[in-house]
There are 2 protein chains.
Amino acid sequence: MARAAIQQHAMRLFLKRGYAAVTADEIADAANVSRSTFFRYFPTKDDVVVRDAFDELFLDAVKAQPADLSPAEAVRRTLHQFMDSLTPEILEMERRRLALILATPELRQRMLGMYPDTLRRITAMLAARSRRGNAQELRLQAGALLGVGLAALVGAQDEDADYFALFEEGLARLDASEGRSRKKRQH
Amino acid sequence: MARAAIQQHAMRLFLKRGYAAVTADEIADAANVSRSTFFRYFPTKDDVVVRDAFDELFLDAVKAQPADLSPAEAVRRTLHQFMDSLTPEILEMERRRLALILATPELRQRMLGMYPDTLRRITAMLAARSRRGNAQELRLQAGALLGVGLAALVGAQDEDADYFALFEEGLARLDASEGRSRKKRQH
DNA sequence: GAACAATTTGACACTCAGTCCCAAATGGGA
DNA sequence: TCCCATTTGGGACTGAGTGTCAAATTGTTC
């Protein structure tokens with residue numbers, strides 16, 4: 001209860017006035033909890049925004065894709081499934097959350113700071129999917145996927161383009177350049 | 001003068017007692033400057049460590065590699081040249097700096113936070129080398145290189161292996177998987 | 001329903017990074 | 001020597017994050 005209230009009010013305030021302009025005290029007040037409680041639920045202010053309920057689900061969904069798909073293709077399909085299955089409201093909220101992160105230096109940095117961890121999780125997911133290939137090889141595949149994500153992120157910022165579209169395009173290219181030795185199905 | 005003194009004393013203290021345990025005040029004292037001066041030269045405490053004199057040089061050196069080399073191969077060669085040309089003392093200092101960054105969450109995060117910027121600079125460098133290929137394509141190449149770097153970084157941490165060795169191995173693989181359409185020379 | 005234990009919450013004080021502002025020092029020219 | 005500009009230092013302030021301890025809440029057992 002407290003947790004949800006904090007997150008909700010925090011997002012509302014952040015979106016209205018910008019991340020930096022809202023203090024932890026204010027959020028706590030708005031959510032009717034004390035500052036202490038705020039920091040008990042969210043060790044840092046960043047956590048309120050950056051903590052993502054979806055990437056766990058997302059990785060599980062990729063893991064569940066047919067084993068004969070290349071990593072890039074498996075990610076691409078999962079992306080589609082998510083876009084299709086999420087309600088428009090949730091999708092819209094996620095978009096705004098992502099936009100806030102990208103527009104705020106601290107949050108962007110925080111998200112990028114999780115890359116090593118994300119890479120480990122992707123590596124583990126790939127290992128579960130293929131169960132062949134040594135750790136270093138799998139890490140490189142994971143790094144390639146993250147590299148595409150990063151390129152999409154920067155592209156989205158610099159060209160003011162859609163992140164998901166760029167990401168998907170990048171995945172397709174990655175698939176084409178590395179996936180020649182794997183079977184492919186059509187989408 | 002002040003700048004160098006600050007950086008020197010800061011590194012000495014960080015390496016001795018750990019990054020978090022040393023305050024900006026202490027560093028300023030040790031370097032015989034005021035706190036204000038410290039923050040005038042280094043906007044954040046991180047900057048003292050993370051600010052890298054080499055990556056500028058490194059990118060320039062990659063840019064100067066023969067244009068018929070693949071990006072991965074060009075980077076690989078530049079890496080070799082640097083390892084060979086730097087004095088052992090400087091190389092050792094760089095290793096310790098990197099080790100400090102990797103071992104310190106704040107610094108690691110800070111370094112990763114510069115990835116978008118690094119990607120842009122790599123993209124610009126690739127554009128200067130090839131002058132063919134659209135922005136998105138070049139960004140993806142840059143992303144691939146950074147992905148390899150990230151994989152090496154994580155591998156170095158998790159397997160307690162040498163970062164540079166892993167990075168080079170990753171570059172070789174990247175070159176093999178993408179560079180089939182380009183000429184190659186032997187090292 | 002009272003008494004009790006455990007967990008959650010709040011209040012408060014503290015450290016430290018980072019910002020701002022203004023006064024003192026420094027260091028060249030003319 | 002005087003003047004100007006740039007560099008330095010000295011507080012004072014904000015806000016994030018930590019630690020401690022007491023009060024409140026909740027659940028349990030008799």
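Local features are described only at pLDDT of at least 70 and side-chain atom pairs count only at pLDDT 80 or more, whereas totals for chains, interfaces and linings use all residues. Residues are numbered from 1 along each chain as its sequence is written, and chains are lettered from A and ligands numbered from 1 in the order in which they are written. The pLDDT, the predictor's confidence in each residue on a scale from 0 to 100, averages 91 for chain A, with 95% of the residues scoring at least 70. Over residues 181-187 of chain A, pLDDT stays under 50. For this segment the model has 6 contacts beyond four places in sequence, a contact being a pair of residues whose C-beta atoms, placed from the backbone, lie within 7 Å. Where pLDDT is low, the predicted coordinates should not be read in detail.

Chains A and B meet at an interface in which 26 residues of chain B are in contact with 26 residues of chain A. On the side of chain B that touches chain A, two or more residues are given by each of α8 (105-113), α9 (115-130), α10 (135-158) and α11 (163-178) of chain B. Helices here are DSSP runs (H or I, at least four residues; strands are E, at least two), numbered from the N terminus. The largest share of this side, 14 residues, comes from α10(B). By class, the side of chain B that touches chain A has 13 nonpolar, 8 polar and 5 charged residues; Ala, Val, Leu, Ile, Met, Phe, Trp, Tyr, Cys and Pro count as nonpolar, Asp, Glu, Lys and Arg as charged, and the others, Gly among them, as polar.

Chain B is superposed on chain A by a rotation of 180° with 0.0 Å of shift along its axis, at an RMSD of 0.1 Å. The superposition is by least squares on the C-alpha atoms of residues with pLDDT of at least 70 in both copies. This is the relation of a two-fold axis. The C-alpha of chain B nearest the axis belongs to Gly147(B), 2.3 Å from it. The copies meet through the same surface, because 100% of the interface residues of chain B are also interface residues in chain A.

Around DNA strand C there are 14 residues, counted as near if the C-beta atom, placed from the backbone, lies within 6 Å of the strand. Those that come nearest are Val33(A), Ser34(A), Ser36(A), Thr37(A) and Thr44(B). The largest share of this surface, 3 residues, comes from α3(A), and α2 (24-30) and α3 (35-41) of chain B each supply at least two residues. The surface near DNA strand C divides into 5 nonpolar, 6 polar and 3 charged residues.

DNA strand D likewise has 14 residues around it, of which Thr44(A), Val33(B), Ser34(B), Ser36(B) and Thr37(B) come nearest. Two or more residues of this surface come from each of α2 and α3 of chain A and α3 of chain B, with α3(B) giving the largest share, 3 residues. The classes are 5 nonpolar, 6 polar and 3 charged.

Two residues other than glycine have a positive phi: Asn32(A), near 60°, and Asp160(B), near 55°. Asn32(A) is in the loop between α2 (24-30) and α3 (35-41) of chain A, and Asp160(B) lies in the loop between α10 and α11 of chain B. Asn32(A) is exposed, with 11 other C-beta atoms within 10 Å. Asp160(B) is also exposed, with 7 such atoms within 10 Å. A residue is exposed if 12 or fewer other C-beta atoms, placed from the backbone, lie within 10 Å of its own, buried if 20 or more do, and partly exposed in between.

Definitions and conventions. Contact = placed C-beta atoms within 7 Å.
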